[in-house]
Amino acid sequence: MGRTETRSTCCYCGTGCGVLIASEDGRITGVRGDPEHPANFGRLCSKGLNLAASAASDSGRALYPEMRLTRDAPRQRVGWDEALDSVAESFARIIHQHGPDAVAFYVSGQLLTEDYYLFNKLAKGVVGTNNIDTNSRLCMSSAVTAYKKAFGADGPPSCYADLEQADCVLFAGSNLAYAHPVLLRRLEEARAARPDTRWIVIDPRRTDTAAMADLHLQIQPGTDVALFNGMLHHLIWEGLVAADYISAHTEGFAELKQMVRNTTPNMAAEICGIREEDLIQAAEWFGRSPASLSLYCMGLNQSSHGTDKNLALINLHLATGQIGKPGAGPFSLTGQPNAMGGREVGGMATMLAAHRDIDNAAHRAEVAAHWGVPAERLSATPGLPAIAMFDALQQGRIKAIWIACSNPAHSLPNLPQVRAALAKAELVVVQDAFAHTDTTALADILLPAATWGEKEGTVTNSERRISRVRAAVPPPGEAQSDGWIVSQIARRLEALLYPGAASLFADTEVASVFDEHCALTAGRDLDISGLSYAVLDSAGPQQWPRPAGAVQAQARRYVDGVFATANGRARFHAVRYQPPAENVSAHYPFRLLTGRLRDQWHGMSRTGRLPQLFAHRPEPALEMHPDDAERRGLQTGDLVRISSKRGQLVLPLATSRELPGGTVFAAMHWNGQFLNSGGINETSQPQVDGQSFQPELKHAASR
Ligand SMILES: Nc1nc2c(c(=O)[nH]1)N[C@H]1C(S)=C(S)[C@@H](COP(=O)(O)OP(=O)(O)OC[C@H]3O[C@@H](n4cnc5c(=O)[nH]c(N)nc54)[C@H](O)[C@@H]3O)O[C@H]1N2
Ligand SMILES: Nc1nc2c(c(=O)[nH]1)N[C@H]1C(S)=C(S)[C@@H](COP(=O)(O)OP(=O)(O)OC[C@H]3O[C@@H](n4cnc5c(=O)[nH]c(N)nc54)[C@H](O)[C@@H]3O)O[C@H]1N2
Ligand code: SF4
Ligand SMILES: [Mo]
């Protein structure tokens, strides 16, 4: 094969950096940043730079299909046909006996758009259930819900060029230095060129990002809505709102104004545990800057009031007209490489393809017609979102679950119950690229997946930009691409459920699947009917929308002040502060915060294989303020047991002045492959936001 370089996209975060993969004789030998990719212009972070090293060996990879031949037997290697037939036959049997809602799919924002599209088509178009949800429920669903409520459609209005044009950057619940390092690099360069730029960081912890800010608002966990309302109060009473913009392009302001009348900066600062001057300073910078940009992530979304937190921040942007112009806007950063693609194909329990709605009969009919199935095939019953899906599994209402590209036995809250649910299931199918995760350990059938560097497709990054992912080498062993696996099982299932009918999976070439997806977006807000692999290959990564006939994509949305709501106006929402779902008490006095480390990725199936990625944080820890530790006679290195109403685990203690007193912090990454427990989610709580169904992974009460 010789030496070649293949243009692709990093498989980690939603920044979506372009990479060039060097390979020789079927082996990946190097990775460098793609100088031409508009997300990173050649830069990469530590994770991206180490991609080649993590791909260098097949050790730890899932190489062959495996299954249990009887309920309690260990899994053993089988051929692909046997594994595929078995999944299809079990699903068909359960669907016949108990109906389509007795099976479920739990997929991932790390699947490529084409794979995601096929999974969604299988669940909604073949099985006829909306029980397909994803780890994006733990991640983006509050942002999605708020965008839809405020603007009438999902999707960030801003773009990366805004990073260079903002005069005030508000980081809300985002630790960019760890989670989106290349975007932070772009911001640093922008600030070096324009030193008057102000950075405000809102985070209960003094993160590396907070340490770089001009102003750090170290709020009490969960108090963001009070903060934003207090800031809005100041902006209104100081005349810093954009009255013309409000009257021309929005609705609902009077009600909001009435509500925040009572939230004075003084009161808000008190709730947040910060100084009133700091709150006012933040409002002044935000309101007086020519362009204010908010970057927000899990500190807002992973909350039982995550939608409200998003809406309260969006209120600030609408009230000041800081949207639809260069350097401005409420910019939700996506975590996973293809959280956006998943939203586009409607791969969730609460939505249909191309931003259509399950409860809209016309939308269901459009999708059914596109797939060539009777309209009744598409269920009008919303599917179960992640937490409810695993509850239903435990209660026996769902009998079989097919998990792909996620490790829920590590990443869902309340792990003792997640494990009980998987143990109760009649069938657990796990499709993963790596053999040893906390979830593969519980699989009845393991389907080995090809992964980054080995498969073709597309991903969409945070700024709505679609990039190609390309194969540089063949997959190891008998691993197959996710799209191939889904299509194989889909065809078998179709034959069992609808014998003789034409297959919906006749042409599953990746380029054809992409075309099918693009066609389904025609006329929708995310219209990409003008895209194809040919366009992406010749013109490079493209943003949506890009309708047929358009010569250029739209970098920013809502530039004309016309929103995707029925009357074209954006909507304010009068949201009130509510405390986290679980109260701290004498029994559980600590507020447990969780989050990420710079060099590890989620359950560490890939990053955890490289010694160099442990240099930054070599071991797990429970972080605690030194005063709290001293009061308990504890010091760094002591083994401590942290427990909540759900469960417990033991971790080494690390004292840290980054945290406020009364809170503890643990990184989410460590799991059963490294610990004698499933990690911090043994204790985290599954309470969800009532609108987005996203669980409050950040705020459990613990002791
Ligand atoms: N290195 C690395 N990068 C990643 C990932 C990874 O695993 N490793 N994962 C990717 C994914 S999927 C995601 S979703 C993103 C997540 O990216 P981020 O959301 O930036 O990362 P987190 O560390 O989860 O949480 C961000 C911050 O929220 C703060 N926080 C907690 N409670 C509150 C609160 O009530 N209010 C506010 N304002 N802040 C609060 C935490 O202290 C934390 O510092 O990262 C992506 N990038
Ligand atoms: N306490 C706490 N918990 C959290 C969070 C938190 O902040 N705090 N964050 C939440 C968030 S935002 C997220 S996004 C989730 C992430 O949680 P998970 O979805 O569990 O994250 P990963 O460990 O990345 O799981 C991806 C799996 O896919 C496998 N894989 C890799 N490539 C491929 C492929 O090409 N095909 C297939 N089929 N498999 C592949 C990997 O080996 C890995 O096992 O965690 C959530 N859980
Ligand atoms: S910033 Fe994100 S996409 Fe870019 S190299 Fe790092 S992990 Fe990959
Ligand atoms: Mo995420």
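Visitor: Which residues come nearest to ligand 1?
Guide: This is a predicted model, where local features need pLDDT of at least 70, side-chain atom pairs count only at pLDDT 80 or more, and totals for chains, interfaces and linings use all residues. Residues are numbered from 1 along each chain as its sequence is written, chains are lettered from A and ligands numbered from 1 in the order in which they are written, and side-chain values use heavy atoms, with hydrogens and water left out. A residue is near a molecule or strand if one of its heavy atoms lies within 4 Å of it. Of 34 residues around ligand 1, the nearest are D203, G222, D224, R596 and Q600.

Visitor: How far is an oxygen atom of ligand 1 from an N or O atom in the side chain of D203?
Guide: Take polar contacts: pairs of N or O atoms within 3.5 Å; within protein, one must be able to donate a hydrogen and the other to accept it, and residues adjacent in sequence count only if both atoms are side-chain atoms. A nitrogen atom of ligand 1 lies 3.1 Å from a polar side-chain atom of K47. A nitrogen atom of ligand 1 also lies 3.1 Å from a polar backbone atom of Y178. For the oxygen atom and D203, the distance is 2.7 Å.

Visitor: How much of the accessible area of ligand 1 does the protein cover?
Guide: Accessible areas come from the Shrake-Rupley method with a 1.4 Å probe; for residues, only the protein chains shown count as cover. On its own, ligand 1 has 920 Å². The protein covers 99%.

Visitor: Where does ligand 2 lie, in terms of domains?
Guide: Domain bounds come from an automatic or database domain assignment. Residues of the shell around ligand 2 come from both domain 2 (66-139 + 338-516) and domain 4 (590-686), so ligand 2 lies between domain 2 and domain 4.

Visitor: Which side chain has an N or O atom 2.7 Å from a nitrogen atom of ligand 2?
Guide: The shell holds 33 residues, the closest being N135, S411, D432, S605 and N681. Q302 places a side-chain N or O atom 3.0 Å from a ligand nitrogen. The 2.7 Å distance belongs to N681.

Visitor: How many residue pairs are in polar contact across the interface of domain 3 and domain 4?
Guide: The two centres, over C-alpha atoms, are 29 Å apart. Salt bridges (a side-chain nitrogen of Lys or Arg within 4 Å of a carboxyl oxygen of Asp or Glu) number 0. Residue pairs in polar contact, both at pLDDT 80 or more, number 3.

Visitor: Which residues in domain 3 lose the most area to domain 4?
Guide: Buried area is the accessible area (1.4 Å probe) that two parts lose on being put together, summed over both. Here that is about 1,000 Å², 56% of it on carbon and sulfur atoms. Three residues together make 58% of what the domain 3 side buries: Y178, R205 and P221.
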